[in-house]
Protein chains: 2
Amino acid sequence: VAELDLITSIEAALERRSDRLVRWVGDDAAVVRARNFAVTSIDTIVEDVHFRRSTHSFADIGHKALAVALSDLGAMGAEPGEAYVAVVLPASVADSDALELVEAMDSLASRTGTTLAGGDVVSGPALMVTVTVTGWADDEDELVGRGGARPGDLVGVTGELGGSGAGLLLLQGLDVSLDEDTVAALERRHLRPAPRLAEGLALARAGVTAMIDVSDGVATDAEHVARRSGAELEVELARLPLAAGVEQAAEAAGQNPFELAATSGDDYELLFTAPPERREQIEGAAGVTWLGEVRAGSGAVLVGPAGEPVALRGYEHA
Amino acid sequence: VAELDLITSIEAALERRSDRLVRWVGDDAAVVRARNFAVTSIDTIVEDVHFRRSTHSFADIGHKALAVALSDLGAMGAEPGEAYVAVVLPASVADSDALELVEAMDSLASRTGTTLAGGDVVSGPALMVTVTVTGWADDEDELVGRGGARPGDLVGVTGELGGSGAGLLLLQGLDVSLDEDTVAALERRHLRPAPRLAEGLALARAGVTAMIDVSDGVATDAEHVARRSGAELEVELARLPLAAGVEQAAEAAGQNPFELAATSGDDYELLFTAPPERREQIEGAAGVTWLGEVRAGSGAVLVGPAGEPVALRGYEHA
């Protein structure tokens, strides 16, 4: 009965944000009036693998689960529509905690025009949240995959990198002299990642040829694009746009800040490729930094300050 | 790297079953050419809550995870399209076990015209599988919810009940004199539930007013329909269609067979309501048994052999 009460409370907390929703919570399945192309991704985050309750509040966990999934829609250039959420709750999570988790998720949903349209709540040995998001597009060419990078394209990235990794180091107790605001911004970067939905849509329209969200770190994510495109992606490490405080945090942790930025992951910026003649449209579409270029070949090549290749492995979400 | 190898093996095992799939595994999200209405449901099964490795093979677990999700599409009268699968793997599950799980899932997908279009594989403390299924419909009135039962409607159910509950008792070692084939059929009923997709489609077209899949047992599922419809569903226990062997298994376990059939759940038959004038069409659409009728009021009322109300609670998937 507690389970049913929780489900009732969750349903009461949710808001239908689209008149495209014909049926939602309370039926066996949600029914949505479709647009031409459905774009769907599924992601799971697991306690002590992707987050820790010692560093993340229940609201952080709910936010992160949805943000990670929406980030994939950003990388496709799709407009978000609905999210379907399965939560596994251990006995140590109170109903009020679970509700806090769902409310934070619904708050991010609200800001992104997403409706939480269905879900499942079950008990289990650890806290886990799986989110399936569906976005929509009217035309197939509005959407961007990982496989379109061509030799001669430029490689770019939105926003700043390394902030999430540095934030995690700070949350784990790293001692570094940084002002309070910078510390708060880095920690927030880790705890409340922002899916780049508007940027993804704008970049797709501006003519990017391939795109991926930076979840595992540029080192690994560039490799995914390279492999899928059958090309080589060259990224100059020194060009990576470091978030404020990353340099100091990396040094305090005994790491090279550019390597930290390339491998720590969870930044959820967008890494993309685009032909040089699209440079101006791309720069008008989003705040971007150019990192290198695409060549004939295979795999990601990270280049150090003296032009030497650097072997790095990104964080694997395993 | 093991993780990436496993994902590569999984991707190689999958088959694209629809030319509606524009992009699938290997991109940030799958892209599907939509029909007018998307029908989506999410379900999680958790080790030691919904299955045990002592009774279920990895293939059983994969089958069950997809069957449970597809069953919801059957209950809506939707045609299955795509499934998105998140698997949480503890260290005790070998890559070959995970592959066995996915292959069994893809085999059920194949038989139901479903494509496994995306997924996520992560590590965690226990084996868990979350499946989001999307089905499709061209018209809104092809679909059936839980809320349409009206006083005067008849209550019916497809197939046979109690088989899964009896099968579980047998798998747990219940000693009962039954022939081998009956035992095997009951155990299979529990381990390999069949989603009633064709039946759901046919019943929706034949004019049922409300429908739900029997996952928690008729006692609880009738309550869901009653609550959502604002009506009372009366179900005569003695009319429940018992699977062969349920009577003997229930007696050996010291239970009333009709109560077992009403509460043990996991049968994944379809419980529905329909106006009496649709009786013939309904009987032509699927093998059904009539259980009682809908009255003004609220909640499910289970009636015993002497016409007395019987208080029963179905199995809760909590």
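This is a predicted model: local features need pLDDT of at least 70, side-chain atom pairs count only at pLDDT 80 or more; totals for chains, interfaces and linings use all residues.

**Entry 1, a buried pair in chain B.** I began with B:K64, which counts as buried at 2% relative accessibility, where buried means under 20% relative accessible area, exposed over 50% and partly exposed in between, with a 1.4 Å probe and protein chains only. B:K64 forms a salt bridge with B:D266, with the closest N and O atoms 3.5 Å apart; I took a salt bridge to be a side-chain nitrogen of Lys or Arg within 4 Å of a carboxyl oxygen of Asp or Glu. B:K64 sits in helix α2 (residues 58-76) of chain B and B:D266 in the loop between α9 (257-263) and β10 (270-274), so the pair ties together parts 202 residues apart in sequence. Helices (H or I, at least four residues) and strands (E, at least two) are DSSP runs, numbered from the N terminus.

Residues are numbered from 1 along each chain as its sequence is written, chains are lettered from A and ligands numbered from 1 in the order in which they are written, and side-chain values use heavy atoms, with hydrogens and water left out.

I then looked at B:E269 and B:R189, whose side chains meet in a salt bridge (2.7 Å, N to O). B:E269 lies in the loop between α9 and β10 of chain B and B:R189 in helix α5 (residues 180-191), so this pair ties together parts 80 residues apart in sequence. Both B:E269 and B:R189 are buried. Over all chains, the search of the whole structure gives 33 salt bridges.

**Entry 4, between the chains.** I counted 64 residues of chain A in contact (heavy atoms within 4.5 Å) with 64 residues of chain B. Five salt bridges cross this interface, and I also noted that the side chains of B:R228 and A:D27 meet in a salt bridge at 3.4 Å, N to O. Strand β3 (residues 37-46) gives the most to the side of chain A that touches chain B, with nine residues.
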